[in-house]
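Subject: Structure handover

Hello,

Please find the structure below, together with its sequence. My notes on it follow.

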Amino acid sequence: MEKERFAELLEKLNKNDLQAAELAELRRAIRSKEYLDLIDEVIGSTVGVDANLPDAESSDRMWRAVKAALPSYPDRRIKKKVRLRSFAIAAGILVILSIGISALSYFYNSAGKAVEQSIATHPILPGKDQAELLLEDGRRVDLESLPKDTVLHMNGYAIHKNRQGEIKYALTTDTDNATLYNTLVIPRGGEYRLELADGTKIWLNAETTLRYPLSFEHSNRQMELQGEAFFDVEPLRKGSLDIPMVVTTGHQRLEVLGTSFNVNAYEDEVITTLVEGKVKLSYPTLKESYLTPMQQAKYNPIGSTLEIHEVDPMYSTAWKAGNFAFDNHTIIQVMRQLARWYDVEVAFADDVSDIRFSGQISKFEDFNTVLSLIEVTGSVRFKIEGRRITVMK
């Protein structure tokens with residue numbers, strides 16, 4: 001490919017004007033090592049700086065030039081002495097290098113020219129706040145259709161859907177409701193936020209069920225979780241007694257007094273990530289274990305194994321802030337998250353178990369854009385038929 005043709009394709013990419021055949025042509029060039037120097041030369045000459053970025057001043061000059069040309073690019077500085085090929089995504093080339101994928105969202109509009117799909121007749125939308133509340137008396141409440149700033153008065157307690165769309169509980173009498181439970185069910189393509197009567201805040205991810213008591217008058221605050229949730233637990237004291245919170249997930253029993261943590265229990269293992277405080281973990285055949293901040297426990301009930309290691313909690317909690325965050329995740333793990341949030345079915349036509357992915361992007365990005373960003377890496381391709389996504393090499 002001639003330098004002029006390469007520059008032309010980059011310019012079209014920046015203007016969201018690439019056709020499918022042209023995108024394939026550019027992707028083939030990006031995949032080939034022989035074009036790395038050409039990338040440096042073309043983009044370096046475009047922004048008028050040294051592609052080798054020998055010092056911070058050149059880095060700053062490049063940043064100002066790229067930002068001026070692409071004003072929607074996020075305010076994020078590149079690291080000193082990083083070659084332009086690592087910064088090339090600022091000009092439209094996604095290679096999953098130092099600065100991730102979140103900056104690429106503006107390269108594709110909702111029409112999404114890069115992925116073969118029937119998006120026009122079968123729109124695939126991001127998830128939203130939706131849940132069903134199962135009351136103790138058997139009634140079901142669709143929280144999505146329930147107007148905001150609405151209060152449901154029950155026997156001894158009230159449920160308030162506030163103006164932010166969150167559910168908050170409040171006890172209205174001294175009646176002992178410790179034996180009464182509600183269940184919150186989050187479907188695929190949904191999420192929800194909950195505040196218990198003790199002040200504990202809980203974020204629930206897609207395809208999650210939480211069963212919890214209405215008040216905590218006894219010796220513990222017991223609840224049951226399936227799926228994924230982030231807990232910000234408020235300490236609770238009755239007289240001289242500290243009331244622990246207990247979250248059971250399959251064979252795992254987690255006990256805390258006041259702390260914040262994330263529990264992910266979708267597949268074969270239970271992943272617990274501690275952000276603040278301290279938690280105690282118990283299992284049927286293993287000795288008790290404790291987590292301290294920045295630690296993560298992975299429990300496999302099939303082999304009854306437990307691994308504890310240091311992590312950056314951001315990757316486990318980004319979902320509650322509205323982002324996908326992947327740190328060397330397999331493409332299978334990535335697609336499972338996308339499937340739950342966008343409520344789609346995923347199939348794998350080829351063995352892709354060795355393909356890994358790192359990056360961060362908003363959960364509210366257009367689905368076609370998300371797949372396009374992954375596909376531009378050259379590692380996989382997608383075919384969409386209705387709500388079925390096939391992953392291919």
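A residue is called buried at under 20% relative accessible area, exposed at over 50%, and partly exposed in between, using a 1.4 Å probe and protein chains only. By that scale N328 is partly exposed, with a relative accessible area of 43%, while T249 is buried at 3% relative accessibility. I come back to both residues further down.

First, the basis. This is a predicted model, in which local features need pLDDT of at least 70 and side-chain atom pairs count only at pLDDT 80 or more, whereas totals for chains, interfaces and linings use all residues. Residues are numbered from 1 along each chain as its sequence is written, and side-chain values use heavy atoms, with hydrogens and water left out.

Overall picture

The protein chain has 8 helices and 26 strands. Helices (H or I, at least four residues) and strands (E, at least two) are DSSP runs, numbered from the N terminus. Of the 393 residues in the chain, 50% are buried. The accessible surface of the chain is about 18400 Å², and carbon and sulfur atoms account for 47% of that; these areas come from the Shrake-Rupley method with a 1.4 Å probe, and for residues only the protein chains shown count as cover. Contact here means heavy atoms within 4.5 Å. Taking contacts between residues at least 6 apart in sequence, 54% join residues at least 24 apart.

Two strands are said to pair if DSSP finds at least two bridges between them. An open sheet of 3 strands runs in the order β23-β26-β25, with mixed pairing. Its edge strands are β23 (345-348) and β25 (381-385), each pairing on one side only. From one strand to the next the twist averages 25°. For this and the other angles, axes are lines fitted to C-alpha atoms, for helices over the stretch in contact, and angles run from 0 to 180 degrees between N-to-C directions.

β23 pairs with β26 (residues 388-392) in the parallel sense, over 4 bridges. Within that pairing, V346 stands opposite I389, and E345 has R388 as its bridge partner. β25 and β26 pair in the antiparallel sense over 5 bridges, with K383 and T390 as bridge partners. The hairpin of β25 and β26 has 2 residues between the strands, and in it G386 takes a positive phi near 65°. Since 4 of the 5 residues of β26 are buried, this strand is largely enclosed by the rest of the structure.

α7 lies across β23, β25 and β26 and runs at about 160° to β23. α8 lies across β25 and β26, at about 155° to β25.

How do α7 and α8 sit relative to each other? The axes of α7 (residues 331-342) and α8 (residues 367-375) come within 12 Å and cross at roughly 175°. That makes α7 roughly antiparallel to α8; angles under 35 degrees count as roughly parallel, over 145 as roughly antiparallel, 65 to 115 as roughly perpendicular and the rest as oblique. I331, V334, M335, L338 and Y342 of α7 make the contact with F367, V370, L371 and I374 of α8. By class, the contact has 9 nonpolar residues and no polar or charged ones. Nonpolar covers Ala, Val, Leu, Ile, Met, Phe, Trp, Tyr, Cys and Pro; charged covers Asp, Glu, Lys and Arg; the others, Gly among them, are polar.

N328

N328 lies in β22 (residues 323-330). Not counting residues up to four places away in sequence, N328 touches R356, F357 and S358. The C-alpha atoms of N328 and G359 are separated by 8.5 Å, and the two residues are 31 apart along the chain.

Strands around β11

β11 (residues 221-232) pairs with β9 (residues 201-204) in the antiparallel sense over 4 bridges, and W203 stands opposite F230 there. β10 (residues 208-213) is antiparallel to β11 over 3 bridges, with L225 as the bridge partner of L210. β11 and β16 (residues 260-265) pair in the antiparallel sense over 6 bridges; D232 is partnered with S260. The pairing of β11 with β14 is parallel, over 4 bridges, and puts Q222 opposite V246.

T249 lies in β14 (residues 245-249). Leaving out residues up to four places away in sequence, T249 touches L225, V263, A265 and V270.

Regards
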